[in-house]
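Visitor: Could you take me through one part of this protein slowly? I would like a close look at a metal site and its surroundings.

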Amino acid sequence: MIKITLPDGSVREFAPNVTPMDVAKSISEGFARNVISASFNGTTIETATPLTTDGSLILYTWNDDEGKKAFWHSTSHVMAQVLEEMYPGIKLTLGPAIANGFYYDVDFEDQKITEADFKKIEDRVLEISRGKHEFKLRPVTKAEALELYKDNVYKTELITNLEDGTITFCDHDTFTDLCRGGHIPNTGIIKAMKVMSVAGAYWRGDEKNKQLTRVYGTSFPKQKDLTEYLALLEEAKRRDHRKLGKELELFAFSQKVGQGLPLWLPKGAALRDRLEQFLKRAQKKAGYEQVVTPHIGQKELYVTSGHYAKYGADSFQPINTPAEGEEFLLKPMNCPHHCEIYNVRPWSYKDLPKRYAEFGTVYRYEQSGELHGLTRVRGFTQDDAHIFCTPEQLDEEFKKVIDLVLYVFGSLGFENFTAQISLRDQENREKYIGTDENWEKAENAIINAAKDKGLNTVVEYGEAAFYGPKLDFMVKDALGRQWQLGTIQVDYNLPERFDLTYKGSDNELHRPVMIHRAPFGSMERFIAILLEHTAGNFPLWLMPEQAIILSLSEKYEIYAKKVLDLLENHEIRALIDNRNETIGKKIRDAEMQKTPFMLIVGEEEEKNGTISIRRHGQEGKGNISVTIDEFAAIVKEEISKTLKVFTV
Ligand SMILES: [Zn+2]
Ligand SMILES: [Zn+2]
């Protein structure tokens, strides 16, 4: 008998050669119907793979990421089968699962796949799927594998790099592919499939190689899931921050200025400024001090910090000055500069922690193909801060940073998040710098702080940086997409490299611990995510314009101006739309700009000293007539719901 350990810790005994599917059936027939893939002792296997030793088995359903991966990868086999049928002679290469689907890279040679063919491909994939063909993994010798693919240079290259005895083929229906496994039991559960797009892709991602065609697809166990997914994609397109940024006149890009270098337009700059002021106010309360450092630094600085080794070769070229031997680099990180600020004078343990904050702009070279709106840029501003503290203070400091991050999320409407704690690889402790004792202290500080703050956590072993453990906030946006936002990292490396010290109560010199933290991450990326999360309907306190005054005709211009002045006294940001346009047109334009309050003024309002309020997106709700003071109270009340005062 062999002992199979299940994820809940229970151990069951089976005769050797039991399959994961048999184990699933022994749990329940109903459960087994949902099982689509499996892993044994951490390795992906087929649900039909016989188990011959004791070990840990995980059974996956569609609800698991691993299950989806097997589902999508398996569909890529079926799509490859169809492509080969429809375009005889093409050369198949690789077809992995990716986020939300899969692709297959194909050398179509002189044939061409177009969007007009997509429907035909989809129909045929589903037709084959209905045949409930099993995916069967079969070991082959290297010679057999090379023989089958003798006309396919790509597969030949792949096989050549494999070790004889480890090569497997996967068969289903009439189709065979070189594959190491990770499939669903049979094609029958693929109930919906869509070819999403085609794009060019170099073989093995190397632009020196031939350009292949990447065919993207996705598939689902229910038609309804596909329909929902496509609706979500439409909504994501509608909320695309690049589109909204243009419509709301927040930022732009100029080919002349350069790719990946965002230009902040007046409204966007004002938005950034409000976010900065918001964080600065909270940070001041939390004991941070603002510092300012230059955009460039001597190469030596980054050699000392280790950033040169990390960013140097792939980064921007050095800036050489007329003076001989001077070499500067664009700043990839603010930390080295802040270490040198710490080093300006000696510190005693009584002075710590020191918390230096800077909205520091950094530059990193990204390939032009990698650039994307504000989420992947070449110049961006981090809401950076570095805390220098004693090892004993780490616990408390970590909790304080979490408080600050939670305050930021709460004020901006991010409610759905988990804290990912990245710790050392327990088996491989020598690859991390710093003493075991310090690491333990830091890891416990993070775990305790997260627990103390009631965070929903996931622990990832082996995901820590070599210089220290970290906590990342993974935020789900309104469309359920996950983004990594705030990060808090403990660092034992830079204090060492920059020889940072403080005098302890024992009168000896000690190394401080450094914490890097950025609740937003970067202003650019944060605003992009916020735009997509809110679809441009920012919390009221952050909106570029909170209200727009729409006069019914030019006759009420003077009254409109008076309303504007009164609103300014209440610190409400407003504009007047005095254009000689119909009120209908003015409302439509204000709706486009997502201005939260439209204040309509005409004869009635002027006579009574009131305004007629219409809220964004609430067409047909009827306007309400209020005085300016009453309106100010409404605005204040709404702002106070999201924007609280930060307390420590
Ligand atoms: Zn496969
Ligand atoms: Zn840093």
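Guide: Happy to! A donor here is an N, O or S atom within 2.8 Å of the metal. Please keep in mind that this is a predicted model.

Let us start with the zinc ion (ligand 1). Its protein donors are the NE2 atoms of H73, H77 and H183 together with the SG atom of C179, and they lie 1.9 to 2.1 Å from the zinc. The angles among these 4 donor atoms run from 95 to 125°, and the site is tetrahedral.

Now follow the donors along the chain. Their spacing is H-x3-H-x101-C-x3-H. Within that pattern, H77 and H183 link distant parts of the chain, as they are 106 residues apart. H77 belongs to helix α3 (residues 65-86), whereas H183 sits in the loop between β11 (175-178) and β12 (192-202).

Are these two histidines buried or exposed? The cut-off for buried is under 20% relative accessible area. H77 has a relative accessible area of 1%, so H77 is buried. H183 comes out at 0%, so H183 counts as buried too.

C170 is buried because its relative accessible area is 0%. Beyond its neighbours within four places in sequence, C170 is in contact with H77, C179 and H183, among others. The list of its contacts also includes F135, K136 and L137, as well as F175, T176 and D177. By contrast, C170 and G258 are 88 residues apart in sequence and 47 Å apart in space, C-alpha to C-alpha.

To finish, here is the other zinc ion, ligand 2. This zinc is coordinated by C335 (SG), H386 (NE2) and H516 (ND1), at 2.0 to 2.4 Å. Along the chain, the donors of ligand 2 follow the spacing C-x50-H-x129-H. Here C335, in helix α12 (residues 335-342), and H516, in strand β28 (residues 513-518), link distant parts of the chain, 181 residues apart. What about their burial? C335 has 2% relative accessibility and therefore counts as buried. With 12% relative accessibility, H516 counts as buried as well.

Key. Residues numbered from 1 in each chain as written. Chains lettered and ligands numbered in written order. Predicted model: local features only at pLDDT ≥ 70, side-chain atom pairs only at ≥ 80, totals over all residues. Heavy atoms only, no water. Donors = N, O, S within 2.8 Å, 3.2 Å for Na, K, Ca; no water. Helix = DSSP H or I, 4+ residues; strand = E, 2+ residues; numbered from the N terminus. Buried < 20%, exposed > 50% of the residue type's maximum accessible area, 1.4 Å probe, protein only. Tetrahedral: all angles 85-135°; square planar, octahedral: opposite > 155°, others 65-115°. Contact = heavy atoms within 4.5 Å.
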